Amino acid sequence: MGSNELSAVLWRERELLETVLFKLETQRLLLTAGESRWLPLATRELEHVLEKLRGAGLGRAVEASAVAEAWGAPEQATLRELIQHAPTPAWREILTSHFDALSQLTSEVAALRDCNTRLLETASRAARETLDGIGRDAGTYSADGKPQRDEGSSRLLDTSL
């Protein structure tokens, strides 16, 4: 166990995070296209990759602990702390590159996850409103976006458009 093994584990984590991004992007495309039929499959695939990522995180903790011991860092040293304890500028640069890439990928994953959550909430709300409106007049929306029904009011419809 050593710094080379830690670097290999960090590369694996980066690859897995890129795969998570791909799966989240696939989900986003399915949601925006209204292809809900494939969402369960996309979600299962995403969960599978996340499980691999958890395993890689455990492997990183083991490797980082061994490197921390070899470099005189605290036993539970973070990647940032390992960078500070790196014995050579080359290892500082390698670990900094991993840290920067992992940070960027994590930010992208969080942003895409939040986007997908909003899309799912919107689709869920639309489905609920559709089901609520079955057998009743569909109504309109208020200025704040909430559904409102004018049960007894008249409406003019310009059919010449």
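Author: A crossing of two helices is left-handed if the near helix is turned anticlockwise from the far one by less than a right angle, and right-handed if clockwise. The structure above is a predicted model, in which local features need pLDDT of at least 70 and side-chain atom pairs pLDDT 80 or more, while totals for chains, interfaces and linings use all residues. Residues are numbered from 1 along each chain as its sequence is written, and side-chain values use heavy atoms, without hydrogens and water.

Reader: In what order do the elements of the chain run from the N terminus on?

Author: The chain contains four helices and two strands, taken as DSSP runs (helices H or I, at least four residues; strands E, at least two) and numbered from the N terminus. Read from the N terminus, the order of the elements is α-α-α-α-β-β.

Reader: How far does helix 4 reach from its first C-alpha to its last?

Author: Helix 4 covers residues 89–133, a run of 45 residues. From the first C-alpha of helix 4 to the last, the reach is 66 Å.

Reader: At what angle do the axes of helix 1 and helix 4 cross?

Author: The axes, lines fitted to C-alpha atoms over the stretch in contact, come within 9 Å. Helix 1 and helix 4 are roughly parallel to each other, and their crossing is left-handed. The angle, taken from 0 to 180 degrees between N-to-C directions, is roughly 20 degrees.

Reader: Is helix 1 roughly parallel or roughly antiparallel to helix 2?

Author: Helix 1 and helix 2 pack with their axes 8 Å apart, at an angle of about 160 degrees. Angles under 35 degrees count as roughly parallel, over 145 as roughly antiparallel, 65 to 115 as roughly perpendicular and the rest as oblique. That angle therefore makes the relation of helix 1 to helix 2 roughly antiparallel.

Reader: What is the handedness of the crossing in which helix 1 passes helix 2?

Author: Helix 1 has 31 residues and reaches 45 Å from its first C-alpha to its last, whereas helix 2 has 33 residues and reaches 46 Å. Where helix 1 passes helix 2, the crossing is left-handed.

Reader: Which helices do the buried residues of helix 2 pack against?

Author: Buried means under 20% relative accessible area, exposed over 50%, partly exposed in between (1.4 Å probe, protein chains only). The buried residues of helix 2 include Leu46, Val49, Leu53, Glu63 and Trp71. They pack against helix 1, helix 3 and helix 4.

Reader: How far apart in space are Gly55 and Glu13, C-alpha to C-alpha?

Author: Gly55 is placed in helix 2 and counts as partly exposed, because its relative accessibility is 43%. Gly55 and Glu13 are separated by 42 residues in sequence. Their C-alpha to C-alpha distance is 9.4 Å.

Reader: What covers the buried residues of helix 4?

Author: Among the buried residues of helix 4 are Trp91, Leu95, His98, Leu105 and Asn116. What covers the buried residues of helix 4 includes helix 1 (3–33), helix 2 (39–71) and helix 3 (79–85).

Reader: Which residue just after helix 2 takes a positive phi?

Author: Helix 1 is followed by Gly34, with a positive phi near 75 degrees. Just after helix 2, a positive phi of about 75 degrees is taken by Gly72.

Technical notes. The expected span of a helix is 1.5 Å times one less than its number of residues. Contact means heavy atoms within 4.5 Å.
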